[in-house]
Amino acid sequence: RFMLLKRAKIMKKKRQTDVKEQMHPSDSFHDEEEEETEEAEPSVKAKRIRSEEEKEVVVYHPVKLSRNDLYRPPTAEELNQLKEAESLFHCSLLKMQMEELLKEVVLSEHRKQQIDSFIQTVTKLIQTVPKTPKVEVNDMSWLSGAVKVPFLLLPKTTKGKFCMAPPASVDLIGSYALGTCIKPHIRVDMAVTLPAEVLQPKDFLNQRYPRKRALYLAGLAQHLQSSSEVVTLRFSCLHGNRLRPILLLTPSGKDSSSFTVGVHACLPPGYFKPSRFHPKRNNIRTEWYTGLKTSNPGKSSEPPTPHYNNSILGDLLPRSHLQFLSAVSSKCSAFADGVALLKVWLHQRQLDQGAGCFNGFLASMLLAYLLISHRISSTMTAYQLLRNSLNFIASTDLTVSGISLAKNPDPTAPSLADFHDAFQVVFVDPSGHLNMCADVTACTYKQLQHEASVSMHFWDDPSVDGFHCLLMTPKPMIRTSDHVFQLCDLVKLQSSCKKQNLLCELMDHSGDYIHTALPFILSLLQRGLGQRIHLLAHSLTPSPVWSVESEAPKYKTQPPLSFGLLLNPEISAAVLERGPPADSSKVPEFRQLWGPRSELRRFQDGAITEAVLWEGKSMYQKRLVPKQIITHLLQLYLNIRGKKVPSTGEEESLVVVQSYDDLSRKLWKLEGLPLSITAVQGAHPALRYTQVFPPEPLVLDHSFFDRDKISRSLVPKDVKPCPQYITPITVICHMEGSGKWPHDRLAIRHIRAAFHISLAELLKKDHNYTCRPCPTHLDVWKNGLAFRIQVAYHREPQVLRERVTAEGLLVVRDNEEAQALEMATIHKPLLTSMLHGLQQQHPCFGAVCRLAKRWLAAQLFSDEITEDAADLLVASLFLQPAPFTAPGSPQVGFLRFLHLLSSFDWRNNPLVVNLNNQLTAADYTEIKNDFMASRDSLPVMFLATPKDKKLSLWTRRAPSIQMLQRVMMVAAESLKVLECQLMDGSQMQDVVMRPPLEAYDVLIHLNPNQVPLLGQAVDPPAVTFNRGVVPNGAPQSGGPLPVIDYNPVTLYLMELREAFGDLALFFCDPYGGTVISVLWKPKTFVSAPFKVMGEEVKTIPNFGAILEDFRVLGKGLVKSVEAKTEKWAF
């Protein structure tokens, strides 16, 4: 339509131009006018006016296009223009959203004034630091007991003199000085230059300078304690580096929590030669560090200390870095905004804080590198800077090919090869001497690359809210990684360093045994897990913060070290690790890696190779193979164990699907039916692997039941507990169309009942299945499972919609009965088929659905969000996982389900579930436009699928607005609690499965022996009941048929809702719940008018009688009724 209007407008404009040219006066007219002008000048003015009037009254008629011109298909050029316009619109929208975000995160002028005022005050205070006499570095008697030195003194002593004196200078450095500081965590950095009298030429050796740095900061803290302008003084470390402590100051008054000032003690520029800190040089002597005399004390025998050297060198260059960045940013007007967006992107992925992070300084330097290397233009917008930066990160591996900002480094500067020999990630600063990524591990940079690649993948996808996924969605490790495990007892890493002979590395990290052992652990796990994982990530240890009055915290006090695995679902669960052939030279390496688990095996193809076999008989065990590998390697090499959260299995669903497939084949082969079968479709969650507790094949104990005299079926005895609940597995059997099908609804039902009888006779005759035909369905008892077959006729819903009026007119009108039949026979089988296919693509899809629906049921929401709706919600996590990748484990899928429920904007957006990838970009636009146009008449939770774009069939009846708000609130709290508990292995995770019953008005307690699904409860009972099932029996076909689909709790709930649904809401956990929770509706307590003998009186419900009715209706099932009358508001 747009193209036709556009073409018509172009043709109309062209035709109007032609008409204008035809209406213009001819040349001869101008010649005549010129002659008249020469003869009669007084009349010139009148003629010109008349000519202008003639032009004004010209009427242009619309051009009539021919049918061929009007409906001519668009040209290739026009199609390209349309595609470009659509792409530009998507990019422009994203750009405008980013501009609005920048307005929110940049600092206001008022805030800048507050910061500037506080900085001036602090600068004046620092410049008045009193002098103290020189003492030994180890002598700290000049410090008052109120301030401790922010340094772990390992070893205890070193050489050197120290004294306090006013600083040589106090300068602003960092993001605030550069103009790239953003909210909400505002940190202003100040560089305090140590005076010359504090330093000595040999201070680069044996931690002398780092200790003096810490002592100077302690002296500043002692001096600032007396000031009323500074409220709190705390110590911290620069990105977790204990060699670089900093002093944190917060202002007094109402601004105390709005920003923090970090005071850095720095070296005077050029005080040490940069060449002294070459990555291959040693500046910590082994004899001093160990306290043991070495047999060969020469310098050449000392191991290099690249990380220590890099830490000291970093204190020589902060001012030159600021000058460099200021010069680069002055050439690019959007530089500050581009850095701000990159910082937000890093922050949402938890990559900008902690030890070894990719911080804002590195983000600024990266943009500067792209500018000076002409990879981006200085005229680009912040949107373009962010896009090009992420594209560069995704495509450039700094672990292999480092980059440098140094244009003309001096001859003493290390080469990139020297840096790569010493560090895992290389990004060299403008001086050519400092590796700014020295503390970044290869795994962290690979994680950064992965995140950038994922972001670029969905950046231009019109079906994804790019802005929200890029910059607004947090991605914690527990919600991003498929598996997470932790090292909790970190002090054991100290002995692990000794076991692996990491003394040189430990000395280089100044005793930080955690970051000494971390690269070895990562390398070990990477080798062991190999192709089973796409990515191995680890948590970035947060920088410790402590009071100036406390000792520096020890390394063992740090939080547990977390590791995240992004699994390769195709091979992550493989139980066999096949190694090199027996005669290969790689055999010793393989045996060394796996230790005693490696053994020589012969395979069916005749090959004899080394191999490692892991336990994995069930799917549950196979999913835990990565855990077995990690536990084995950590125990073998480091004597430590990891903790991990287990998952669930799918074996029961597989048995059900196999039995259904067998029944389906037998139905197809049946002969003797009046009409042939055209389709057999499953319509039960167990057939798509999403049933919370899949049906299990049962062997019945006949002594538990009575025999019905007519049907010879098994009937439960009154004195016995409620028998085992037997789930009917729904199967839809479509019969072919024929002119013999009647057009009357009652006649069609009779025909379907006759088909049920015929199917029962044939199945009994051919396969000896016990069958019970009914008018609406046919129950088949097969191998301990109950299948409920429903014959369907494709025109029956249409017949139900047709009605003949009294005048003889045929009226077609939709109704509840037709919708229910269409849902049961068309929509549910189709959904089951599509979700079964999704399970084949993503093996953990079914397990995520089961966890999600168990949570909904446990929180009493299963009637509000149906099984089908819950399955679609989970399916959206796999089909549109941005900004994540598709879940690879049940745990991470369940966490994302809770996040989706709690954070999705249900009011303003439809949730589109693109099953089988059938929806195009145009379909997304159509769904969104139709949704906004009809929002008030649509369900509050709108789920759109390729076959249901406008109605949201799965959520048409529920949830209500109030219940959806309740679901969102409980999901948000459950997510917060569960993430904390999963990261703390000492806590139990099933607390999120227990609902808060104190919120309800009445609690109806049920007798446990009459609850058939009691064994599926969150808290299983201490006492179990015999429910007529033989344990561990071999199920067989034939025999008497038990009672199918008998659950007294469900029947009781139906009666309660039918009798009292206008007064109260009833909730119950369908999986073994022994409490029915009742919530009075608000209108229940409002008095209603009632006329008696012509007089109007006010009435309210008799709550005592209602509670008594609860007991009477549930006689034998109800144990007690608990009324919380204090909550009732009359």
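Let's start with confidence: this is a predicted model, and the mean pLDDT of the protein chain is 86, with 90% of its residues reaching 70 or more.

Now come with me to one residue, aspartate 482. You'll find aspartate 482 in the loop between α18, residues 477-480, and β10, residues 483-487. Which side chain of opposite charge is nearest to aspartate 482? That would be arginine 896, 4.9 Å away. Aspartate 482 is buried and has no salt bridge, because a salt bridge needs the nitrogen and the carboxyl oxygen within 4 Å.

What does the side chain of aspartate 482 meet, then? One of its polar atoms lies 2.6 Å from the backbone nitrogen of glycine 888. Leaving aside neighbours within four places in sequence, the contacts of aspartate 482 include Leu565, Leu566 and Leu567, along with Ala886, Pro887, Ser889 and Val892.

Helix α31 covers residues 890-903, and its 14 residues should span 20 Å at 1.5 Å a residue; the end C-alpha atoms are 20 Å apart, so the two agree. In α31, 13 of the 14 residues are buried.

Helix α29, residues 845-858, has 14 residues as well, and reaches 20 Å from first C-alpha to last, close to the 20 Å expected. α29 is mostly covered, with 13 of its 14 residues buried. Just after α29, take a look at leucine 860, which has a positive phi of about 70°.

Key. Residues numbered from 1 in each chain as written. Predicted model: local features only at pLDDT ≥ 70, side-chain atom pairs only at ≥ 80, totals over all residues. Heavy atoms only, no water. Helix = DSSP H or I, 4+ residues; strand = E, 2+ residues; numbered from the N terminus. Buried < 20%, exposed > 50% of the residue type's maximum accessible area, 1.4 Å probe, protein only. Lys, Arg positive; Asp, Glu negative; His and termini not counted. Polar contact = N/O pair within 3.5 Å; in protein donor to acceptor, adjacent residues only side chain to side chain. Contact = heavy atoms within 4.5 Å. pLDDT = per-residue confidence, 0-100. Expected span 1.5 Å × (residues − 1).
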